[in-house]
2 protein chains.
Amino acid sequence: MTNQQKLTISDIAKLANVSIATVSRYLNGQLNQMSEATAQKIKKIITETDYIRNSAAVQLAKKRSNLVAVVASNIDEYFSSEYFKGIVSILSAFGYIGVLLDSDSNLKTEKAHLESVYNQNFAGIILQPLTTDSAVIRKFLNHNMPIVLIDRELADLEMSSVTTNNFEIAKYAMAQLSPDSFSSVTVITEPVKKLSTRVARVAGIKTVFDQVNVIETRSEHFDVNQLATTVDLNNPKNLLVVLKERLLIQLLTHPSFLMQAHQTQNITGFIDTAMPRYLAPNFKFIQQSPYLMGASAAEILIKHLSSANNDYQQNIQNIIVPSHYK
Amino acid sequence: MTNQQKLTISDIAKLANVSIATVSRYLNGQLNQMSEATAQKIKKIITETDYIRNSAAVQLAKKRSNLVAVVASNIDEYFSSEYFKGIVSILSAFGYIGVLLDSDSNLKTEKAHLESVYNQNFAGIILQPLTTDSAVIRKFLNHNMPIVLIDRELADLEMSSVTTNNFEIAKYAMAQLSPDSFSSVTVITEPVKKLSTRVARVAGIKTVFDQVNVIETRSEHFDVNQLATTVDLNNPKNLLVVLKERLLIQLLTHPSFLMQAHQTQNITGFIDTAMPRYLAPNFKFIQQSPYLMGASAAEILIKHLSSANNDYQQNIQNIIVPSHYK
DNA sequence: TTGTACGCGTTATCAT
DNA sequence: ATGATAACGCGTACAA
């Protein structure tokens, strides 16, 4: 193991018998500003010595970073990893590198991350917000750090965002399920609070059904047996709508459901993977497109990044990536 | 939206009527080196102006970064997100921030990430390697950039790692399944190649069973129906061992298995979540502890980070976090 | 085509 | 307790 001292650009310059300016130009791809010979000379030295730039110095001099923070509400969700992949695919095409921070469904963690992102001068941030308090986020705008929201919006602050058509698709799905054959609906969801996503979904459902019973639970503590004590899971006149895939899967894998998997559909929900379809091949679900959402978010961010300093306001976009009931 | 220019430490110094040295001391928590009065004065200005340090400059001056890269082979796996959470929990306690890069099961992507990590001067890296080529990684060692491997090892290079007891637990699980009642074993796995994890698991199985048929597939293309044409899934004398949770779930949700869920166990596998247990409550599986593995990896990295420059070799640790058959 | 010299924002050493 | 100032490593006018 060779323990080389850190080489600097001036070391390379000396070794190549050129000035640091020339080396710097080489490093920045300005090859047309130098003779082929010197370019080769420099290239040789650099590969031989395995030299790498000090990116802190680069950032300081160039006044910009190429790191984009992606703050996910909880990476346990398949949804997160999928949109992250979408984000990275776009970002990397523009020379940015996307790094994932996990809020772990914890408001304090999210706040800490936002603080970090803020301090580490990332070039921009894509945020799936946990908080509904826009004050935490305003800071980014004040400091001209581009931000785009994904999955969820914030009520009282105008900024770029990528969401899905929660309200419309919920409404549409309900309409497809021949409302006449159900007398009531039970919605199973994580706590609705003010989260735009969940609020919109419930609202969409309520446009079709009058009798809507919303049951809030947390997936970590979700117990189907206990649920069965308050809800008649086998009542064919009661439609179950599950707003989160993990909860849906737990329901579908419950023995009472496995038995009736081929009967008339009396359960549906929002899904991100194909797994619910394995469990109930004949049922329809509301399928989101997280990868696409991520890609869109990244595209918007790139626009903000590559536009002049002060026109964040001008470039604000609110994109809706539709989900499908199928 | 106020469009403030970026404040620097010297701006703060002027506003507070002190020198930049004093402000710098304040920022670095050396409060005992100044009067209470000046500390308050500086604090006031900083909060009022919402000043933040330029971390590129800090890094340049301090010659160190507080970013740790976590390069996952594919974040679709629940396994990844779980160990990432474990990593972050330790890292953040030491003031480091962990950022996740996703290789997306793609060797080229992994290589690109390693290159990035290398160039962005992160403080260290935790890698779940896709490659079996240690040359790619040797560079990190050469440049004194601490690295610890997670989940998988590399044959020909000595470095810190955290793995599980793949061989032993596979062997143990086989022994528990009363080998006499099975005449053969079918192993279903993603391509084994040289991946240490899969190799060890298969080896463990083979110590107990002679008749082992290894079927390689990719989870994206996995088709249970097709598998059924070559393997008799309902043969009670044939034990199915699935090395990857996602494949296992697809098998368990297949109609033919749902029917026999309460019979004698003729299928098992490696799992990371509770989902397979929902599907087959009476079966036993090999459960890993990704969160713990992540935490261990981070602890090792911290040691490398906080020890002197040149003794990576001295601090090499190879930790095994056991999995359990239950 | 190539080189000199200054600036980027902060830390840390040495004075005072 | 506080201040002046030389690094840190690189980019980039401006010169040559």
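Two strands count as paired if DSSP finds at least two bridges between them, and helices (H or I, at least four residues) and strands (E, at least two) are DSSP runs numbered from the N terminus. What I am showing is a predicted model, in which local features need pLDDT of at least 70 and side-chain atom pairs count only at pLDDT 80 or more, while totals for chains, interfaces and linings use all residues. Residues are numbered from 1 along each chain as written, chains are lettered from A and ligands numbered from 1 in the order written, and side-chain values use heavy atoms, without hydrogens and water.

In chain B, 6 strands form an open sheet of mixed pairing, in the order β7-β6-β8-β9-β10-β12, with β7 (212–216) and β12 (324–325) of chain B as the edge strands, each pairing on one side only. Helix α9 of chain B (residues 196–206) packs on the sheet and touches β6, β7, β8 and β9 of chain B, where contact means heavy atoms within 4.5 Å.

Turning to the two chains together, a rotation of 180 degrees with 0.0 Å of shift along its axis superposes chain A on chain B with an RMSD of 0.1 Å, by least squares on the C-alpha atoms of residues with pLDDT of at least 70 in both; that is the relation of a two-fold axis. The same surface serves both copies, since 100% of the contact residues of chain A recur in chain B.

How values were computed. Axes fitted to C-alpha atoms, helices over the stretch in contact; angles between N-to-C directions.
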